[in-house]
Amino acid sequence: MLLTTKQLFDKCYGRYAIPAVNVFFMEEIHGLFAAAQEADAPFIVQTTPFARDYAKADMLLSMIQSAARLYPQTVFAVHVDHGVEEHIWDAIGSGGYSSVMIDASHDNFEKNVARTKEVVNRAHANGISVEAELGVLAGVEDDLTVDAEHSSYTNPQQVVDFVNATGCDSLAIAVGTSHGAYKFSGGQGLQFHILEEIQKRLPGFPLVLHGGSNVSSEVVARINAAGGNLKTDAKGVQEEEILRAIPLGICKINIATDTRLLWTMVNREFFRDHPDEFAPTTPGKIFMEEYKRFMLKKFELLGCVGQADEFLY
């Protein structure tokens, strides 16, 4: 069942969070939908502009729509992550998306409001939810790179004016996370005083946590043991931080780095242990199972196991 993110957030606010997972290829989509159906958990499948350029938007949407038929008990939204107007107008016209994100966070406040409001007007006219962003995350995701010195926390004093002026349905906030594998290398974590102040000013309004991957030290160690060379001095968002953030209004948690690391681990270990193999399908099957196990644990952590029934009946 394809829903908007607004429909999902109206149910989950303050109770559980919904994983929003970036996908690039078939094995990820199979693993995600299979896990969600088994867990009876709602989820959000995301495509970034980079993924749309890589696989082509029609290909990604076709795979997602095929997965929905193969796993008919799933409840989900399809979302454009970190879009600009070019991607958003195309997504609205494609008919396959139920949610879009306009990322104008690098603009000044007034321009961010103007661009977001234009997207909201067009998206809402087509029954599509809109996520906006206020504050700038550091890090690397696909072809987006932001140095730490150019990042900024969300200003709680601006959030009410921004939401009222734009009419957006959810707000991505910068409270200490970053994109990519090298988060929190300095030991810092989520800035809960900012999150608490934002929720106080926007009670009941859905908030979004970008850069929500955990960056498992075990997975990184296994990658390096199989020939990788990843840094080991960083960590992602810890489980206790996630559990503390959900009652404070975090409804959507973006996940990308963890699944990329998982793919790297599976393939490095497989070809290290089976140097005579060259067929992509064998490690592909292993990856789908590992991906499914990963998502089942994530659904359990976020508290959304069994919650898809809320939307089906």
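**Close-up views of a predicted model**

**View 1. Leu8 and its contacts.** Set aside the neighbours within four places in sequence, and Leu8 is in contact (heavy atoms within 4.5 Å) with Leu3, Ile18, Pro42, Phe43, Ile44, Val75, Ala77 and Phe311. Leu8 sits in helix α1, residues 5-12; helices here are DSSP runs (H or I, at least four residues) and strands are too (E, at least two), both numbered from the N terminus. Is Leu8 buried or exposed? With 0% relative accessibility, Leu8 counts as buried, where buried means under 20% relative accessible area, exposed means over 50%, and partly exposed is in between (1.4 Å probe, protein chains only). From Leu8 to Gly167 you go 159 residues in sequence and 17 Å in space, C-alpha to C-alpha.

A quick word on the model: it is predicted, so local features need pLDDT of at least 70 and side-chain atom pairs count only at pLDDT 80 or more, while totals for chains, interfaces and linings use all residues. Residues are numbered from 1 along each chain as its sequence is written, and side-chain values use heavy atoms, with hydrogens and water left out.

**View 2. Helix α4 and its buried side.** Helix α4 (residues 57-70) has 14 residues and spans 20 Å from first C-alpha to last, close to the 20 Å expected at 1.5 Å a residue (the expected span is 1.5 Å times one less than the number of residues). Its buried residues are Ala57, Leu60, Leu61, Met63, Ile64 and Ala67. Why do they end up on the same side of α4? Because they cover an arc of only 160° around the axis, the arc being that of the directions from the helix axis to the C-beta atoms. In general, an α-helix has 3.6 residues a turn, so residues three or four places apart point the same way. Those buried residues of α4 pack against α2 (26-39), β2 (43-47), α3 (49-55), β3 (76-83) and α5 (85-94). Turned away from the buried side are the exposed residues Asp58, Arg69 and Leu70.

**View 3. Helix α12, from its buried side to its end.** Helix α12 (residues 281-302) has 22 residues and reaches 31 Å from its first C-alpha to its last, close to the 32 Å expected at 1.5 Å a residue. Pro283, Gly284, Phe287, Tyr291, Phe294, Met295, Lys298, Phe299, Leu301 and Leu302 are the buried ones in α12. They cover an arc of only 145° around the axis, so they lie on the same side of α12. What do they pack against? The partners are β1 (18-22), α2, β2, α10 (239-245), β11 (250-255) and α11. Over on the other side of α12, Lys285, Lys297 and Glu300 are exposed. Just after α12, Gly303 takes a positive phi of about 80°.

**View 4. Two loop residues with positive phi.** Asp40 isn't a glycine, yet has a positive phi of about 55°. You'll find Asp40 in the loop between α2 and β2, and at 17% relative accessibility it counts as buried. Val215 isn't a glycine either, and has a positive phi of about 55°. Its place is the loop between β10 (207-209) and α9, and Val215 counts as buried at 6% relative accessibility.
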